[in-house]
Amino acid sequence: MARIRPPGGYQIYLDRNPPPYVLHCLERVFELDHVFTDEANNAEVFERVGEELVTNTLAGINNTIMVYGHTGSGKTFTMAGGLGEEGIIQMSVKLLRRRL
C-alpha cells in the first residue's frame with residue numbers, strides 16, 4: 001500500500017484501475033494493492049491496514065508495519081499521530097485492549 005503526498009517537482013501517474021494500482025514515477029513502474037489519497041486520514045489507513053494486523057497478531061501470526069519515505073513525508077505522523085489525530089500505534093493498542 002502507498003500513501004502518496006503531492007509530488008515535489010516530478011510527475012507521478014497513477015492508473016486507478018484496481019487491483020493492482022499501477023504507479024508510474026521517474027521512469028519506474030510499481031504495482032500496489034491500495035493507494036491512499038492525500039486526503040486520507042490515519043483512521044482510514046488503520047482501517048485498511050492496522051485492523052487486519054491486530055487480528056492476525058491475536059491469531060499468533062507475526063506482523064510488521066514498515067514505513068518508508070523522504071524526511072517530512074508523514075511517516076511519524078502516520079505511526080504516532082499528532083495535532084489531535086491518533087496514529088497507527090495508538091489505534092492498534094486500543095484495539096488490542098478491546099479484544100483481549
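## Contacts and overall architecture

Among contacts in the protein between residues at least 6 apart in sequence, 43% join residues at least 24 apart. This describes a predicted model. The protein has 100 residues, of which buried residues make up 25%. Its exposed surface comes to about 7,400 Å², and carbon and sulfur atoms supply 53% of that area.

The secondary structure consists of three helices and seven strands. Read from the N terminus, the order of the elements is β-β-β-β-β-α-α-β-β-α.

## Nonpolar cores

The largest nonpolar core contains nine residues. Phe36, Ala40, Val45, Phe46 and Val54 belong to this core, together with Met79, Ile88, Met91 and Leu95. Helices α1 (42-58) and α3 (88-99) each supply at least two residues of this core. A second, separate core has five residues, including Tyr21, Leu23, Leu32 and Val35. In soluble globular proteins, nonpolar side chains tend to be buried together.

When residues up to four places away in sequence are not counted, Leu95 touches Phe46, Glu51 and Val54. Phe46 and Val54 are themselves listed in the largest core.

Strand β3 covers residues 21-25 and is mostly covered, with four of its five residues buried. Its partner is strand β4 (residues 28-32), and the two pair in the antiparallel sense over five bridges. Tyr21 has Leu32 of β4 as its bridge partner, while Cys25 stands opposite Arg28 in β4.

Most residues other than glycine have a negative phi, and most peptide bonds are trans.

Leu83 is not a glycine, yet its phi is positive, at about 50°. The residue is found in the loop between β6 (81-82) and β7 (85-86). Is Leu83 buried or exposed? Leu83 has a relative accessible area of 90% and therefore counts as exposed, the cut-off being over 50%.

## The salt bridge and its surroundings

How many salt bridges does a search of the whole structure find? The search finds one. It joins Lys94 and Glu86, with the closest N and O atoms 2.4 Å apart. Side chains of opposite charge can pair when their charged atoms come close. Lys94 is partly exposed, because its relative accessibility is 43%. Glu86 also counts as partly exposed, at 32% relative accessibility.

Glu86 can also be placed relative to Asn41. These two residues are 45 residues apart along the chain, and their C-alpha atoms are separated by 9.6 Å. Asn41 is found in the loop between β5 (35-36) and α1, and counts as partly exposed at 31% relative accessibility. A polar atom of the Asn41 side chain lies 3.1 Å from the backbone nitrogen of Ala43.

Thr78 lies in helix α2, which spans residues 75-80. With a relative accessibility of 11%, Thr78 falls under the 20% limit and so counts as buried. A polar atom of the Thr78 side chain lies 2.8 Å from the backbone oxygen of Gly74.

Val67 has its place in the loop between α1 and α2. At 37% relative accessibility, Val67 counts as partly exposed. Not counting residues up to four places away in sequence, Val67 touches Lys75 and Met79. Val67 and Met79 are 12 residues apart in sequence, and their C-alpha atoms are 8.2 Å apart in space. Met79 is one of the nine residues of the largest nonpolar core.

How values were computed. Residues are numbered from 1 along each chain as its sequence is written. This is a predicted model: local features need pLDDT of at least 70, side-chain atom pairs count only at pLDDT 80 or more; totals for chains, interfaces and linings use all residues. Side-chain values use heavy atoms; hydrogens and water are left out. A nonpolar core is a set of buried Ala, Val, Leu, Ile, Met, Phe, Trp, Tyr and Cys residues joined through side-chain atoms within 4.5 Å. Buried means under 20% relative accessible area, exposed over 50%, partly exposed in between (1.4 Å probe, protein chains only). Contact means heavy atoms within 4.5 Å. Accessible areas come from the Shrake-Rupley method with a 1.4 Å probe; for residues, only the protein chains shown count as cover. Two strands pair if DSSP finds at least two bridges between them. A salt bridge is a side-chain nitrogen of Lys or Arg within 4 Å of a carboxyl oxygen of Asp or Glu. A polar contact is a pair of N or O atoms within 3.5 Å; within protein, one must be able to donate a hydrogen and the other to accept it, and residues adjacent in sequence count only if both atoms are side-chain atoms.
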